[in-house]
Amino acid sequence: MSIQHVAAVLDCRDPRLASCKKLVLIALANRTDQAGQCWPSQELLAGECGITARTLREHILALETDGFIIRETTQFGKGKGSKTIYKIVLSALKVAPEEIAAAKFAPEVFDSCTGSLPPMKSNLQEPTLDDDDSACAGNGFEEKCREWAGDRLAPNASGIEKLQALLSLSSDEACTEADVQQGIKNSLAWLQRRDDVANSFAYFVGAVLKARDTRLKPVTPSERKSFKRAETSKSDELDRFLARARTQTARAKQNC
């Protein structure tokens, strides 16, 4: 993970980066090396962002069209699959100084344990805490996150500042502790299916932002019904596939 790339994406105020596109870009930045490159599977990215593979492909195409990422796909030959390398273009994320000055950041004056951080001075600066504030802002927050994640978080996991930074975004983008809890909860199902653990708190950033977006724009009853129909359709298709597989296996045994 490149802290520089994650910080650049989080602080970017480009209007072309709508919530879901920014979420996908954060998921990519969370897996980049120092050169800004990564090669996660679409299944992994879709799971981390809480969206379908089709929606993910649409957002990746939009990010590439807008110049935020560069994609390079290598084909390994017929039947051998392919590998796609994503590179984040830092120059496309830079914000003009006057835009940063005009952005709505959290207030500089700290209230008692509100979790607010000072405003960033540049779009690449990592948010930091003074010694007097670190005990206040970190008081119990990391412990809560560890409790919510349970055994799906590595004991030596670091990066709690990534989640704390989400609480200090501008007023219309800031996350709440409830968003953090819900985001971690949503990620646990994916980790459990893969029988995996998160090695850093940064793993949950994308899911927390998704939880925030859901809170700000709740799913309507009609959308919920549409999602359920889609899930039922996928479940029925899987059942039919398994039934065909069992039938083929039984016939193969009979022929033997």
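One definition before the tour: buried means under 20% relative accessible area, exposed means over 50%, and partly exposed is in between, with a 1.4 Å probe and protein chains only. What we have here is a predicted model, where local features need pLDDT of at least 70, side-chain atom pairs count only at pLDDT 80 or more, and totals for chains, interfaces and linings use all residues. Residues are numbered from 1 along each chain as its sequence is written, and side-chain values use heavy atoms, with hydrogens and water left out.

Overview. The protein has eleven helices and five strands. Those are DSSP runs numbered from the N terminus: helices are H or I with at least four residues, strands are E with at least two. Of its 256 residues, 38% count as buried. Contact, throughout, means heavy atoms within 4.5 Å. Take contacts between residues at least 6 apart in sequence: 64% of them join residues at least 24 apart.

Now helix pairs. Two packed helices are described by the angle between their axes and the distance between the axes. Axes are lines fitted to C-alpha atoms, for helices over the stretch in contact, and angles run from 0 to 180 degrees between N-to-C directions. Under 35 degrees counts as roughly parallel, over 145 as roughly antiparallel, 65 to 115 as roughly perpendicular, and the rest as oblique.

Start with α9 and α10. Helix α9 covers residues 177-194 and helix α10 covers residues 205-216. Their axes come within 7 Å and cross at roughly 120°. The two are therefore oblique to each other. The crossing of α9 past α10 is right-handed. On handedness: a crossing is left-handed if the near helix is turned anticlockwise from the far one by less than a right angle, and right-handed if clockwise. Who meets whom? From α9 come D179, V180, Q182, G183 and S187; from α10, A207, V208, A211, R212 and R215.

Look at G183. This glycine sits in α9. G183 is buried, at 0% relative accessible area. Beyond its neighbours within four places in sequence, G183 contacts A207, V208 and A211. Its C-alpha is 7.4 Å from that of L209, 26 residues apart along the chain.

What does α9 meet in α7? F141, K144, C145, W148 and A149 in α7 meet E177, V180, Q181, I184 and L188 in α9. Here the packing angle is about 30°, with the axes 9 Å apart. That makes α7 roughly parallel to α9. The crossing of α7 past α9 is right-handed.

C145 is worth a stop. The residue lies in helix α7, residues 141-149. C145 counts as buried, at 0% relative accessibility. Leaving out residues up to four places away in sequence, C145 touches I160, L163, V180, I184 and F201. From C145 to E177 is 32 residues in sequence, and 9.3 Å C-alpha to C-alpha.

What follows α9? A loop runs between α9 and β5 (198-200), and D195 is in that loop. D195 has a positive phi of about 50°, although it is not a glycine. D195 is exposed, with a relative accessible area of 62%.

Next, α2 and α4. Helix α2 is residues 19-29, and helix α4 is residues 53-65. They pack at about 85°, axes 10 Å apart. So α2 and α4 are roughly perpendicular to each other. C20, K21, V24 and L25 in α2 meet L56, H59, I60, A62 and L63 in α4.

Just after α3, G50 takes a positive phi of about 70°.

Last, the rings. How many aromatic pairs does a search of the whole structure find? One. The partners are Y203 and F204, edge-to-face, 5.5 Å centre to centre and 85° between the planes. The rule: rings of Phe, Tyr and Trp (its six-membered ring) pair if their centres lie within 6.5 Å, with planes under 30 degrees apart stacked, over 60 edge-to-face, and the rest tilted. Y203 counts as buried at 12% relative accessibility. F204 counts as buried too, at 0%.

K83 lies over the face of W39, 4.7 Å from the ring centre. A charge sits over a ring if NZ of Lys or CZ of Arg is within 6 Å of the ring centre and within 35 degrees of the ring normal.
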